[in-house]
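I opened this notebook to record what I looked up in one structure. The entries follow the order in which I consulted it.

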Amino acid sequence: MKRVTIITFSVIVTTIFLFTPIYSVFSFTETRANEPKSFYIEISGEDVFQIRYTHSIHLTDVLETYEITNSNELKLVSMEYEDVAIGMPAYAQEGESIAYNNGKYILSYENKVLSNFTLYVGDIDTDLYLIYKNHLYNLKTILQRGKSYLFEVKRISLFEKWKGAVLTDGKAK
């Protein structure tokens with residue numbers, strides 16, 4: 001009887017340990033796939049990150065800065081870019097402000113919060129990086145070109161972490 005109790009207790013503890021979401025991650029999950037793959041970058045301590053990409057038409061860098069909220073949402077803080085041509089705002093809307101300094105536009109947001117967004121990895125040779133804690137994650141070499149990914153901040157379990165690919169220093173483990 002004592003042995004059954006110990007085994008039952010061990011199974012319960014192991015199950016809780018494996019399936020309780022305890023890791024905060026940036027999550028990239030394939031969209032439009034029958035068996036979507038997930039890729040993760042662990043979050044530890046720092047709540048600010050950036051996405052830097054080269055605009056596909058005017059070929060200049062765009063730098064988006066985000067904060068992670070307490071509820072794991074994405075607060076868009078600012079967007080910095082050089083050209084207001086196709087696809088880039090030339091003026092601020094309600095809840096936004098725009099400045100022009102040193103040849104760059106800086107569009108700042110008062111309270112633009114997103115739960116997630118879809119990230120398209122274009123099949124062209126331009127930059128696409130996630131910058132977190134002074135690490136550059138080259139998303140064009142990690143994720144598959146020509147595919148879309150649901151990007152979000154979430155908590156995952158050890159089991160989910162094992163199922164997905166954990167990204168470290170720009171490489172999948």
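**Entry 1: the core.** I note at the outset that this is a predicted model. I began with the largest nonpolar core and found that it has 30 residues. F26, F28, F49, L130, L139, L143 and F151 are the residues with the most contacts inside it.

Entry 2: I looked up what L139 touches, leaving aside residues up to four places away in sequence. I listed F28, L119, V121, L128, Y129 and L130. Of these, F28 and L130 are also among the residues with the most contacts inside the core.

**Entry 3: the whole chain.** I recorded three helices and 13 strands in the protein chain. Buried residues make up 36% of its 173 residues. Among contacts with a separation of 6 or more, I found that 57% join residues 24 or more positions apart.

**Entry 4: dimensions.** The C-alpha trace spans about 75 × 35 × 30 Å along its principal axes. The radius of gyration is 20 Å, whereas a compact globule of 173 residues would have one near 16 Å.

**Entry 5: the surface.** I noted an accessible surface of about 10500 Å² for the protein chain, with 52% of it belonging to carbon and sulfur atoms. On the surface, F19, F159 and W162 form a nonpolar patch, with about 350 Å² of accessible area together. W162 lies in helix α3, residues 158–163.

Note on methods:
Residues numbered from 1 in each chain as written. Predicted model: local features only at pLDDT ≥ 70, side-chain atom pairs only at ≥ 80, totals over all residues. Heavy atoms only, no water. Patch = residues over 30% accessible without salt bridge, like charges linked within 9 Å, V, L, I, M, F, W, Y side chains within 5 Å. Areas by Shrake-Rupley, 256 points an atom, 1.4 Å probe, with all protein chains shown as cover. Salt bridge = Lys/Arg side-chain N within 4 Å of Asp/Glu carboxyl O. Helix = DSSP H or I, 4+ residues; strand = E, 2+ residues; numbered from the N terminus. Rg over C-alpha atoms; globule rule 2.2 N^0.38 Å. Buried < 20%, exposed > 50% of the residue type's maximum accessible area, 1.4 Å probe, protein only. Contact = heavy atoms within 4.5 Å. Core = buried A, V, L, I, M, F, W, Y, C linked by side-chain atoms within 4.5 Å.
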